[in-house]
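Try each task yourself, then walk through the solution.

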Amino acid sequence: MALQNDSFLQACRGVRPAHTPVWMMRQAGRYLPEYRAIRAKVSFNELCRTPELCAEVTLQPIDILGVDAAILFSDILVVFDALGVPVIFDPAPRIESPVRTAADVARLRWGDPREDVAYVYGAIRACKAALADRVPLIGFCGAPFTTLSYLVEGGGSKTFEHVKGLIFREPVVFAGLMEKMTDLLITYLKGQVDAGVDALQVFDSWAGALAPEDYREHVLPHLHRLVTEVQTAGVPVILFARGNANILADVATIPADVLGIDWSIGMDRAIDVVGAERVVQGNLDPTLLLSNKALIERRARAIVESGRRAKAHIFNLGHGISKHTDPALAKHMIQVVQSA
Ligand code: CP3
């Protein structure tokens, strides 16, 4: 079925649409009063497990802000249901018993996401029905390293000493876990394609925790396998590795359809690094949305101008939107980009 607005998918395929398509990471979330109204009634975990509510929340930024793509409302950590590891959202995620010893590793269940996370596929079908082909739907997962980091650290971290300790002390155990996590995520993402998503984004949010040579040795081969295997399912794959622009050249060795650029590097320089034959996505510092219309407009226009040198450009923030954002300013940014 033809989409009414396929500017985002055209850009993913390397064709320049009439306007620069735009969406925002974490575009469904707490900065929207309409989202907070739903969260006043249900917990985050319950929301993720109720397909009709996921669809309602997924569509909020489409209706309110006019973005060019929808991203499934879910979380990168719901896939832990397939491991038998419960996650508490408070709102930051926390795992009661992190996986750190050989005995912890042996307790992991490695189930089938198609059964254990079936509610995600239900949410995708509900989103597709509610969208009625207005804009495409993006599915996602956390990258193997970011996902494993949460499992080993038990939550957020400043030092990542548990997961890095595992890499440096037990490289074979870590590699085995990465292998299994990659297999699990491939199954999970292929299931999302079967359920109807039009594109996928892989979030390596914690890529910046590793020195470039460690990222190259311990992470990149698994990420490469994940992206290329999932691409065989036929939808474009966006790869967003955040937190260290020094690894961008290495990340660009992976043939993802689109490379996500975080806000720590200028878009001009990022295009120099990845090459003008690639499609890029990004990269306004989300904190700029806390400023004013004039500054947002100037900085957004500059990024659109830089993006014209790439094969195609999808405008986005350089990381997730802040919960303190005024939706009116986010909407202003979107309109500036779409009319630039
Ligand atoms: O982008 C979207 O609008 C789709 C929904 C989405 C959420 N999380 C909803 C969410 C997506 C794509 C994610 C991905 C995600 N989750 C990432 C990768 C992106 C990134 O930011 O780097 C990561 C690292 C997580 C893990 C996670 N989940 C964190 C760190 C938090 C706390 C966030 C916070 O603002 O405190 C969550 C919870 C979460 N995931 C919320 C939302 C809307 C807030 C929960 C609430 O409503 O209370």
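On a 1 Å grid over the protein atoms alone, a pocket is an open set of points with protein on both sides within 12 Å along at least five of seven lines, a cavity is a set of points where a 1.4 Å probe fits but cannot get out, and lining residues have an atom within 4 Å of a point. A molecule sits in a cavity or pocket if more than half of its atoms lie within 2 Å of its grid points. The model is predicted, so to speak of local features takes pLDDT of at least 70 and side-chain atom pairs count only at pLDDT 80 or more, while totals for chains, interfaces and linings use all residues. Residues are numbered from 1 along each chain as its sequence is written, and side-chain values use heavy atoms, with hydrogens and water left out.

**Exercise 1. Describe the space that the ligand takes.**

Step 1: The ligand takes up the largest pocket.
Step 2: That pocket holds about 1000 Å³ of space, a volume being the space filled by probe spheres set on grid points joined across faces, edges and corners. Its lining counts 35 residues, and R26, R30, F44, D75 and P93 are the closest to the centre.
Step 3: Two helices, α2 (33–39) and α8 (144–153), each give at least two residues to this lining; helices (H or I, at least four residues) and strands (E, at least two) are DSSP runs numbered from the N terminus.
Step 4: Sorted by class, the lining has 20 nonpolar, nine polar and six charged residues. Here Ala, Val, Leu, Ile, Met, Phe, Trp, Tyr, Cys and Pro are nonpolar, Asp, Glu, Lys and Arg charged, and the others, Gly among them, polar.

**Exercise 2. Find what surrounds the ligand.**

Step 1: There are 23 residues around the ligand, and R26, R30, Y35, D75 and S205 come nearest; to be near, a residue needs a heavy atom within 4 Å.
Step 2: The shell comprises 15 nonpolar, four polar and four charged residues.
Step 3: Now look for polar contacts (pairs of N or O atoms within 3.5 Å). A polar side-chain atom of Y35 is 2.5 Å from a ligand oxygen, a side-chain N or O atom of H319 is 2.7 Å from a ligand oxygen, and a backbone N or O atom of Q27 is 3.0 Å from one.
Step 4: The ligand alone exposes 880 Å², of which the protein buries 89%, by the Shrake-Rupley method with a 1.4 Å probe.

**Exercise 3. How many cavities of 30 Å³ or more does a search of the whole structure find?**

Step 1: The search finds one.
Step 2: The largest cavity has a volume of about 50 Å³, and its lining includes A241, L248 and D262.

Conventions. A polar contact is a pair of N or O atoms within 3.5 Å; within protein, one must be able to donate a hydrogen and the other to accept it, and residues adjacent in sequence count only if both atoms are side-chain atoms.
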